[in-house]
Amino acid sequence: MKNKKPLSGYIEMFRMMLAIFISLLIVFAIILLISEEPLDALGDFVFGPLTSLRRFGNVIEGMTPLMFTGLAVIILFKPGLFNLSMEGSFFMGMVAACGASLVFGLPGKINLIAAMAFAALVGGVVCLIPGVLKVKAHANELVTSLMINYICLYFGLYVINEFFYDPTQNSSYSYKFPEGTVLENIIDGTRVNQGTILAIITVVLIWFLVNKTSFGFKANLVGENNNMADYCGVKSGKIIIITQFVGGILAGFGGAAHLFGMFERFQYSALPGYGWDGVLIAIVAKHKVQYVPFAALFLSYLRIGADIMSRNSNIPFEIVNIIQAVMVLLISATAILSGVKKKLIIKETRALEAAKEGGR
Amino acid sequence: MENEILRMEHITKVYPNGVMANKDVNLSVKEGEIHALMGENGAGKSTLMKILFGDEEATEGKVWYKGEELKVKNASDAIKKGIGMVHQHFMLVDSLRVYENVVLGMEPKKGIMTDSKEAIRLVQETADKYNLKVDPMAVVGDISVGQKQKVEILKVLLRGAKLLILDEPTAVLTPQETQELFEQLLMLKKNGHTIIFISHKIREVMQICDNLTVLRGGKTVGSMEVRNATEEGISHFMVGRDVVLRVNKKPAEFGDVLLNVKNLNYTNKEGRKLLDNVSFKIRKGQILGVAGVEGNGQNELAEAIFGFYPDATGSIMFEGNELLGKSIKMIRKNGLSYIPEDRIKTGAAGNLPIWANLIADTIDTNELKKNGLLDYKKIHERGKELIEDFAILCKNDEQLAGMLSGGNMQKVVVAREFSSDPKLLIANQPTRGIDVGANEFIWKKIVEQRDAGKGVMLVSADLNEIMELSDSILVMCDGHVAAYFEDASSVTEFELGNYMLGLKRQEDVE
């Protein structure tokens, strides 16, 4: 017998759409209040990213780091930890990629691959630290990971300024990366590069890891009930340590892909915030790997749209952050429509019961 | 009806997960009676009482209490109206003293300070009035389960409850303690209190209740006066067919020694000695029952054998291999499996589907993989097979384990632990809080295991279960072996009780 999906199963989707709709209404209200040409501003916000290839390219290239950090957060949180060191890991990934590309001096693309691999390793180690401290010393990973982010920022800046600072530049920029150490553009007229392809491939690989391997199953089990995992013969400590390492690898690699795809030298002097965005992506994607590209597309589109709006009107870019917050708030508010869902479930259960009675 | 104190009419409850726990349930309780609410687990008893106590909201239906419609939003509302509940799992603060627990949240005040003297006096007075013997100054963590229950009852009485709900109060008591509890309940009845006694132990209901109501599958099956009822009649009511909880066992045929535990000692982090030189053997084809008042080391013994405490000392030889110090994974590989005491905390993951719960221990074996990746076809086949073999009531194997009733969730755990075809099964409270049907089924499986020449170690607080199933019985008291009976039929429940309570102890138990 085929199971037809009951109506209550679609509520999740309705809820997402309703959340987006409500937040657009709020955005519109804000725009009405501060803009002289609200319709134009709203048009820019909603359709702006579609008006030229370059703009849409901005959306796509903005997705790349979001996908990597979104995946990182899903993996880091999987065994029930709140390890937030993906921010530091992403940053150290960029620092390590920059340093390695300049130090290794390998020929052509081999240098690129080696630098990215090194960045992934460094990123993995960064996220590993809170995991190990959690398992071995029962230190709260939230606290240690936030501290580690500071260490990463200042240690990373120290490394860049001490060893790779280009004196011909005025602020703390590094030397240019060697020729060939770059992720090539794939669409002319945009900055969309091979990093996006790498991100998509990574999504597929991680989907396999989470859904198709016993490791993914075990990580899930540890997150759902670590007592049960231990008693079933799954070593939860080991699983936690491995997941934190893998999560860190994703963030560090993402940092390298971002750096080599978008820049020709290291030029950050603060944490870029993509790690935090990863949390947003994970929430919007409901911690499901397959939704990560869509969540990244959504967030990136939102940002580019708001950016276009703020450049063409008198609406400040800060509004974007408000809009973003409103949307995430509504999407993560699971109580919306729960009353409707409850009523639907009651109705369906009754129908099912009645059918059972009748079938006897 | 005359003297009716409580009437619940047409109660229907649908949980947000789509489970219909109560369907048009009716319950009528007379003032001053002890009314038994009976039924298998998952029959809707707990849901009905949660609605009465304000923990859950009824989807439909009305509750009448003392002639007025009762609308309670939460437990404190219910308490104000004079309804009190003694939960199956005690809601006490272990580190506080008895009197502190009893007055918690309603402390008598002197200025802004708690008036301890007055509190102690109040507790002592109530205790004396109802003949509930507890020491108000004792620390709750140190007193026995039976005593804790008295503290719970005191808590409820001191808050002015006239209607007391007791959720399976005898599940954790020895026969002696049960008798004492019954005397106290009769005393309460004499004082004009009304008691709803939730139980599925027919004999106990026959002993102290006046009327009974039976629920089955979320519906009221019927109500009757206890003096007109028979054991078989009630049993028939509860499961819809005649089940008398007895197992037919062939005489035991003991084989070689399977497990040999010698001088096992375990001291926990707080420095409490929980296992004190425990030695015993389990043979092939033997069910060894481990009896004892809860908290006397039985649970730790089971967990120690299964590798929960690598720092225990002594020796656990299994077919010539030392198990002590080995990981749980290795112990499972050696052919042991374990039904844990607490299915919610340890046995199952409520947020994972049934199939995931069923394969959690075998996920690393190649049977469930194809080219190194999980083979969902095989996994679901395995899931469906086990669901069928163990008669697990569910929509399909994708249903979340947490949505199942207690008995069915336990069957999931049992099915998983049997699926690896273990040489030795350690069953720790395998039928706690589950219905008669599931209980009977699990017993049957355990006996089958023994008849196949495998070993079983059965830890249970339910003496009836120990007596029915065991070939041999080990009694634990205070971490040591208080007695061992090679032939379980040579001992009575009452005698076991004496050893459990530490009144008697065999010398040189081997």
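**Close-up views of a predicted two-chain model**

**Figure 1. Packing of helix α17 in chain B.** Helix α17 of chain B covers residues 493-500, and its buried residues are L496(B), G497(B), N498(B), Y499(B) and M500(B). After α17(B) comes G502(B), which has a positive phi, near 80°.

**Figure 2. Surroundings of E204(B).** This glutamate belongs to helix α7 of chain B, which comprises residues 202-208. The relative accessible area of E204(B) is 11%, and since buried means under 20%, E204(B) counts as buried. When neighbours within four places in sequence are left aside, the contacts of E204(B) are T170(B), T178(B), F182(B), F197(B) and S199(B).

**Figure 3. Domains of chain B.** Three domains divide chain B: domain 1 comprises 4-239, domain 2 comprises 246-335 + 422-510, and domain 3 comprises 348-421. Taken over C-alpha atoms, the centres of domain 1 and domain 2 of chain B are separated by 32 Å. Contact between these two domains involves 12 residues of domain 1 of chain B and 16 residues of domain 2 of chain B.

**Figure 4. Helices and overall dimensions of chain A.** Chain A contains 14 helices and 0 strands. Read from the N terminus on, its elements are α-α-α-α-α-α-α-α-α-α-α-α-α-α. The C-alpha trace of chain A spans about 85 × 65 × 35 Å along its principal axes. For 360 residues, a compact globule would have a radius of gyration near 21 Å, and the 23 Å of chain A agrees with this.

Figure 5. Of the 360 residues in chain A, 50% count as buried. Among contacts in chain A with a separation of 6 or more, 76% join residues 24 or more positions apart. Chain A carries 28 positive and 22 negative side chains, and a distance of 15 Å lies between the centres of the two sets.

How values were computed:
Residues are numbered from 1 along each chain as its sequence is written. Chains are lettered from A and ligands numbered from 1 in the order in which they are written. This is a predicted model: local features need pLDDT of at least 70, side-chain atom pairs count only at pLDDT 80 or more; totals for chains, interfaces and linings use all residues. Side-chain values use heavy atoms; hydrogens and water are left out. Helices (H or I, at least four residues) and strands (E, at least two) are DSSP runs, numbered from the N terminus. The radius of gyration is taken over C-alpha atoms; the globule rule is 2.2 Å times the number of residues to the power 0.38. Buried means under 20% relative accessible area, exposed over 50%, partly exposed in between (1.4 Å probe, protein chains only). Contact means heavy atoms within 4.5 Å. Lys and Arg count as positive and Asp and Glu as negative; His and the chain ends are not counted. The place of a charge is taken as NZ of Lys, CZ of Arg, CG of Asp or CD of Glu. Domain bounds come from an automatic or database domain assignment.
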